[in-house]
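Try each task before reading its solution.

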Protein chains: 2
Amino acid sequence: MMPEGGGAARAEALSALRGLIHQQATRADLADLFAAAAAEAGRLLPWQQANLREMKREWVHATALPQDLVEAMSRAESLSEQAWRRLRPTNDFAGFLGFFREVVRLKREAAQAWGEKLSLAPYDALVDSFEPGMRASQIAPLFARLSAFLPGFIEKALQRRERETIVTCQGPFPEERQRWLALHLMARIGFDFHHGRLDTSHHPFCTGVPTDVRITTRYHLGDYTESMMSVLHESGHARYEQNLPRAWQDQPVGAARGSCIHESQSLLFEMQAGRSRAFLEFAAPILAEAFPEGCAHDRRALSPENLFRQLTQVKPGLIRTESDEVTSPCHILLRFKLEMGLIEGSLRPEDVPEAWDAGMRGLLGLSTLGNDRDGCLQDVHWPAGMFGYFPAYALGALIAAQLFRAVRRAHPDLMEHIRRGDFAVLDTWLRDHVWSRGSLLSCAELVEQATGSPLGTEAFEEHLERRYVQREP
Amino acid sequence: MMPEGGGAARAEALSALRGLIHQQATRADLADLFAAAAAEAGRLLPWQQANLREMKREWVHATALPQDLVEAMSRAESLSEQAWRRLRPTNDFAGFLGFFREVVRLKREAAQAWGEKLSLAPYDALVDSFEPGMRASQIAPLFARLSAFLPGFIEKALQRRERETIVTCQGPFPEERQRWLALHLMARIGFDFHHGRLDTSHHPFCTGVPTDVRITTRYHLGDYTESMMSVLHESGHARYEQNLPRAWQDQPVGAARGSCIHESQSLLFEMQAGRSRAFLEFAAPILAEAFPEGCAHDRRALSPENLFRQLTQVKPGLIRTESDEVTSPCHILLRFKLEMGLIEGSLRPEDVPEAWDAGMRGLLGLSTLGNDRDGCLQDVHWPAGMFGYFPAYALGALIAAQLFRAVRRAHPDLMEHIRRGDFAVLDTWLRDHVWSRGSLLSCAELVEQATGSPLGTEAFEEHLERRYVQREP
């Protein structure tokens, strides 16, 4: 909500704060303090050990790079992101290539340096900064199974849906009614308005501290579903933050685990729960109340059956952020393969467009030849130097499915509760098994302890089968 | 707009930032640096000298008090403000007295210490922290003249108004229409929305940095004038901030002068310009557009003549924040006299209710005997340890009148411009004579250079005479 002209002053303030944080994180006496703490590690309780582990990881990340590399990287990423904003609309990969090469070169150098300090392969060092403990060797077999499963499954889902019709309705859905709907749903699923609020922004996000969590959405007059589903998504992030353990507040062990668990919480609310028949049966009367005049020409548009059909469409497409629950992981499989190649040096920046096209054809049967704007230039991540984050989106979907299956197994009547708009059972389970753990465990440990089995793809595959082929009978 | 539960985390963050600022402001090497700078002062340009002067003043303020006094004062003020929030509603001065005594005792000690370092009397040291360079010896003769002038003038104004009728209208005035009105008026008087915005809060205020100025208002369904006038008031503060000299941005000399000049800018827009017949003739058609259905029973309510009568009512009352342009300074005269007595030691805290009653009877003919809630307990300032700020409200009114008279003398057709909704002439004059000066001059120097004469009460008295007796013929 900041006025545009405030950007420079805000950047100055943030830069000053980051500088102060960096000073603290790289204090000369920390090496001795960590050494002394390591000598006592055997006498520490698990949560204290977790604190030490998290502090040390941050310290290594903060101190591993020479100052001139940090500055060169920051400058190159800033220039590259600006160039990308200018060149993507004109589909100019050739113009962008020089910036991209520099970003990749410096990020490889940094990944190498981080990896050496952390005893990790370069790409693992990047992933580790987003999801501590996660390794390419864990990701690769999961993604290989998805690569084998998804293309055939997408075919099957598309055939299944050919028999269905959808009543579409373009409103108008007034902004203040959409906001009413968002606030109503947030309240029902347990968002704590004493410790958070909903605002409007160009792109939805979730930010803040656990006692003050801000989420945003945007409203389209002709389609309320984008706002509704993005609010469920961000509420998943928010509920995780709001329910982190207060006893460990302001300590590293009390922070949210990492990007994979975070994405799993948003996807659990948006996808696993939010697009289920049960949830939509709960939501349909609320939608009718939100839009008493919307879809007046055909009230079937707001029926649970129609909502379910509308919100579980499968449409292979080029753009990741517009992709659905089924095709979305395919976008990630491709990016994981390419970004690992870039960091390891087996893929050159100039060869990315061709590799992208080949990957998209293999996974979704779509070509991006000559269309880099909707191909390798579509995301801000790489232009901004963000390598290693993408896997979290697909891993989050796998974790969400596995956690949700575990709740259903523990509470066979879960979907009945959700159908009645009662989220207490889901809440209690998530609080006990995920939210209250903070950063005590690694992502893999957390998933295994919560669900009884290591992270796999079975729960996700079962979920897709039930929703997109059996249509949640 | 922060959710209530975020208060503790916000307080922690602010406290950490203040601690860092204090560390910087009290660095051990500053004494030597100031000494070295003083040796070069003769070679500095005026704006450099101003920078040095402002930095040194802040440094003396930051370093004058022993740490234990700072902490004791902060604790006592916090406890006292909390007690006041609890005890004011029950009119319990006796219960509050213990807290009040402690706040006064510590503030006297602090004022003594500041005064010694700054070679100022204790009360002057407090005033100096809000309006650098302002002294009780400058304030006292001005307030003495107002004390002599106002009681008789209020009588005269009340008699003059007896012949006037006012058409009142209680709306309803929908919030979104009031907000439309506020934004429209802000835009017309030159608020820069690229560098600021309008929000809603319980009490109106203005905050931020010059490139990102936030003002707030609140909306009453039955009375749009409170929001409209408070928006003009805060816009005055905002326009000052937004037009501070960019060349000196982030330097002490580039900051707003002090509380008196700041209040003069808000009162210039709200009172001098905003309640003039010319402005209300400009505003009336906009009001009609804002409230097409408001006051439908009697559209005279939105006529310029009726607006002028409505917005220039004189009503002696007990509550300062509800007082009008004419009686408002009386509230300040009383507070100035009493708070100076408290800090100098000639007035004991337990004697304040009696002194308050005597003062109110003398100035406005109203008694507060047994009604401390609406008497000495009405403001948060003293309970929160804020002594020395009150004069700024009345001095701001005097400065606003003297500046506005100077603009009218320089541009005899000023009111014609305002009637047409053209504020360029006013803007240019204020930018040249006030806004662009930052903290280059003291308040007294700025007023004298801008208007050609030292700060006096004549312009304010003339203004009141013209508006409240002659009724702006």
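**Exercise 1.** Find what follows helix 8 of chain B, and describe its phi.

Solution. Helix 8 of chain B is followed by B:Gly190. The phi of B:Gly190 is positive, near 100°. Helices here are DSSP runs of H or I with at least four residues, strands are E runs of at least two, and both are numbered from the N terminus. This is a predicted model, where local features need pLDDT of at least 70 and side-chain atom pairs 80 or more, while totals for chains, interfaces and linings use all residues. Residues count from 1 along each chain as its sequence is written, with chains lettered from A and ligands numbered from 1 in the order written.

**Exercise 2.** Work out which residues of helix 8 of chain B are buried, and where they pack.

Solution. Start with the cut-off: buried means 20 or more other C-beta atoms, placed from the backbone, within 10 Å of the residue's own. In helix 8 (residues 175-188), B:Arg177, B:Gln178, B:Leu181, B:Ala182, B:Leu185 and B:Met186 are buried. Next, look at their partners in chain B: strand 1 (196-200), strand 3 (212-217), helix 9 (224-242) and helix 11 (277-290).

**Exercise 3.** Describe how chain A is built.

Solution. Begin by counting elements: chain A has 19 helices and three strands. Then take the C-alpha box along the principal axes, roughly 70 × 55 × 50 Å. Finally, check burial: 39% of the 473 residues in chain A are buried.

Definitions and conventions:
A residue is buried if 20 or more other C-beta atoms lie within 10 Å of its own, exposed if 12 or fewer, and partly exposed in between; C-beta atoms are placed from the backbone. Two residues are in contact if their C-beta atoms, placed from the backbone, lie within 7 Å.
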